[in-house]
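Hello,

Here is the structure I promised to pass on to you. Please have a look at it first, and then read my notes below.

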Amino acid sequence: MVYWTFLLAEEGGGGLFDLDATLPLMALQFMLLVAVLNVTFYKPLGKALDDREGYIRTNQSEAKERLAKAEALAKQYETEAAEVRRQSIAIVSAAEADAQKIAAQKIAEAQQIAQAQREQAQKDLDAQKAAALQSLEQQVDELSRQILEKVTGGVALG
């Protein structure tokens, strides 16, 4: 092809703007070069760029979907955690109330037992007092009789 260019160029007069076969041949060579470059370089490069852009878009959309799912899960977990906290607070409050009721019952039972023991002790003391008084009365009667016998000289008054 190059030979044709030289042959066509030598046939003419050799001016700067000669309109001979050189100019169309150069245009044809340029168009052929553009076509070859387009087929061998630009189309594969464009395809690679388009594929890369599609890959990036796909990854971005998948990442957005994953992010949305992660945010939804995070909100769900936060809601569940708040509900669990509320339930645990309610359970602890109920347990504290039950413990206070049980403590109050135990205190009341202990007070009743203590009161019953005091009353029993008072009854025992009253019984011992009555027994002691009875014993003293007998001793007083015996002593009175002995004193009376000594005073009267053993004479029975009767």
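What follows is a short tour of the findings, from the overall fold to the side chains.

First, the ground rules. This is a predicted model, in which local features need pLDDT of at least 70 and side-chain atom pairs count only at pLDDT 80 or more, while totals for chains, interfaces and linings use all residues. Residues are numbered from 1 along each chain as its sequence is written, and side-chain values use heavy atoms, with hydrogens and water left out.

**Overall picture**

The secondary structure amounts to two helices and zero strands; these elements are DSSP runs numbered from the N terminus (helices H or I, at least four residues; strands E, at least two). Of the 158 residues, 1% count as buried, where buried means under 20% relative accessible area, exposed means over 50%, and partly exposed lies in between (1.4 Å probe, protein chains only). The protein exposes about 14000 Å², and 64% of that comes from carbon and sulfur atoms. Accessible areas come from the Shrake-Rupley method with a 1.4 Å probe, and for residues only the protein chains shown count as cover.

**Helix α2**

Helix α2 covers residues 22–152. With its 131 residues, α2 reaches 186 Å from its first C-alpha to its last, close to the 195 Å expected at 1.5 Å a residue; the expected span is 1.5 Å times one less than the number of residues. There is a bend of about 50° in α2 at Asn38, taken as the angle between axes fitted to the seven residues ending there and the seven starting there. Just after α2, Gly153 has a positive phi of about 80°.

**A nonpolar patch and a ring pair**

Leu33, Leu37, Phe41, Tyr42, Leu45 and Leu49 make up a nonpolar patch with about 580 Å² of accessible area together. Patches are built from residues with over 30% relative accessible area and no salt bridge, joining nonpolar side chains (Val, Leu, Ile, Met, Phe, Trp, Tyr) within 5 Å and like charges within 9 Å. Leu33 sits in helix α2 and counts as partly exposed because its relative accessibility is 46%.

The whole structure has one aromatic pair. Phe41 and Tyr42 form this edge-to-face pair, with 5.2 Å from centre to centre and 70° between the planes. Rings of Phe, Tyr and Trp (its six-membered ring) pair if their centres lie within 6.5 Å, with planes under 30 degrees apart counted as stacked, over 60 as edge-to-face and the rest as tilted. Phe41 is partly exposed at 45% relative accessible area, and Tyr42 is partly exposed at 47%.

**Salt bridges**

How many salt bridges does the structure hold? There are six, each one a side-chain nitrogen of Lys or Arg within 4 Å of a carboxyl oxygen of Asp or Glu. Three of them are described here:

- Asp51 pairs with Lys47, with the closest N and O atoms 3.1 Å apart. The two are separated by about one helical turn, because they are four residues apart in helix α2. Asp51 is partly exposed at 44%, whereas Lys47 counts as exposed at 52%.
- Arg57 pairs with Glu53, and here the closest N and O atoms are 2.1 Å apart. Being four residues apart in helix α2, Arg57 and Glu53 are also about one helical turn from each other. Arg57 is exposed at 53%, and Glu53 is partly exposed at 37%.
- Arg145 meets Glu149 at 2.8 Å, N to O. Both lie in helix α2, four residues apart, about one turn of the helix. Arg145 is partly exposed at 38%, and Glu149 is partly exposed at 39%. Together with Glu142, Arg145 and Glu149 are linked in a network of salt bridges.
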